[in-house]
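Please look at the sequence and the structure before reading on.

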Amino acid sequence: MLPEQVRRLPEELARVDALLDDAAFFEPFVLFFDPRIGRPSTLVETYLRWWPAVAPSFR
């Protein structure tokens, strides 16, 4: 239903998304964000995927 141009990520975000699809990217964070410890919250992967999209608005 949506036009093609709004269903695709902008080129820069598509490159970031491809990097985030690599499980090796998240390995360094696993020890610090164990979902079994502490209060249940949003997965760190969600924050790491969200940040590049909103960071330009903080410039």
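Which side chain meets that of Arg 7 in a salt bridge? The partner of Arg 7 is Glu 4, with an N to O distance of 2.6 Å. A salt bridge is counted here when a side-chain nitrogen of Lys or Arg lies within 4 Å of a carboxyl oxygen of Asp or Glu.

The model is predicted, so local features need pLDDT of at least 70 and side-chain atom pairs count only at pLDDT 80 or more, while totals for chains, interfaces and linings use all residues. Residues are numbered from 1 along each chain as its sequence is written, and side-chain values use heavy atoms, with hydrogens and water left out.

**Overall make-up**

The protein has four helices and zero strands, and along the sequence the pattern reads α-α-α-α. Helices (H or I, at least four residues) and strands (E, at least two) are DSSP runs, numbered from the N terminus. Of the 59 residues in the protein, 8% are buried. Buried means under 20% relative accessible area, exposed means over 50%, and partly exposed lies in between (1.4 Å probe, protein chains only). The protein exposes about 5600 Å², and carbon and sulfur atoms supply 63% of this area. Accessible areas come from the Shrake-Rupley method with a 1.4 Å probe, and for residues only the protein chains shown count as cover.

**Salt bridges**

Side chains of opposite charge can pair when their charged atoms come close. In this protein the count comes to three salt bridges.

| Pair | Closest N and O atoms |
|---|---|
| Arg 8 and Glu 4 | 3.0 Å |
| Glu 11 and Arg 15 | 3.1 Å |

Why are Arg 7 and Glu 4 separated by about one helical turn? They are three residues apart in helix H1, which covers residues 4-7. Arg 7 is exposed, with a relative accessible area of 53%, and Glu 4 is partly exposed at 38%. Arg 8, the other partner of Glu 4, is exposed at 51%.

Glu 11 and Arg 15 belong to helix H2 (residues 11-20); because they are four residues apart there, about one helical turn separates them. Glu 11 is exposed, with a relative accessible area of 62%, whereas Arg 15 counts as partly exposed at 49%. Salt bridges with shared partners join Glu 4, Arg 7 and Arg 8 into one network.

**How the helices pack**

Helices H2 and H4 pack at an angle of about 165°, and their axes are 10 Å apart. Axes are lines fitted to C-alpha atoms, for helices over the stretch in contact, and angles run from 0 to 180 degrees between N-to-C directions. H2 and H4 are therefore roughly antiparallel to each other. Angles under 35 degrees count as roughly parallel, over 145 as roughly antiparallel, 65 to 115 as roughly perpendicular and the rest as oblique.

H3 and H4 pack at an angle of about 120°, with 11 Å between their axes. H3 and H4 are therefore oblique to each other.

The crossing of H2 and H4 is right-handed, and the crossing of H3 and H4 is right-handed as well. A crossing is right-handed if the near helix is turned clockwise from the far one by less than a right angle, and left-handed if anticlockwise.

**Loops and surface**

Pro 10 is found in the loop between H1 and H2 and is partly exposed, with a relative accessible area of 49%. Pro 10 and Ala 53 are 43 residues apart along the chain, and their C-alpha atoms are separated by 10.0 Å.

Which residues make the nonpolar surface patch of about 420 Å²? Leu 31, Phe 32 and Phe 33 make this patch. Patches are made of residues with over 30% relative accessible area and no salt bridge; like charges are joined within 9 Å, and nonpolar side chains (Val, Leu, Ile, Met, Phe, Trp, Tyr) within 5 Å. Phe 32 sits in the loop between helix H3 (23-30) and helix H4 (44-54), and Phe 32 is exposed, with a relative accessible area of 65%.
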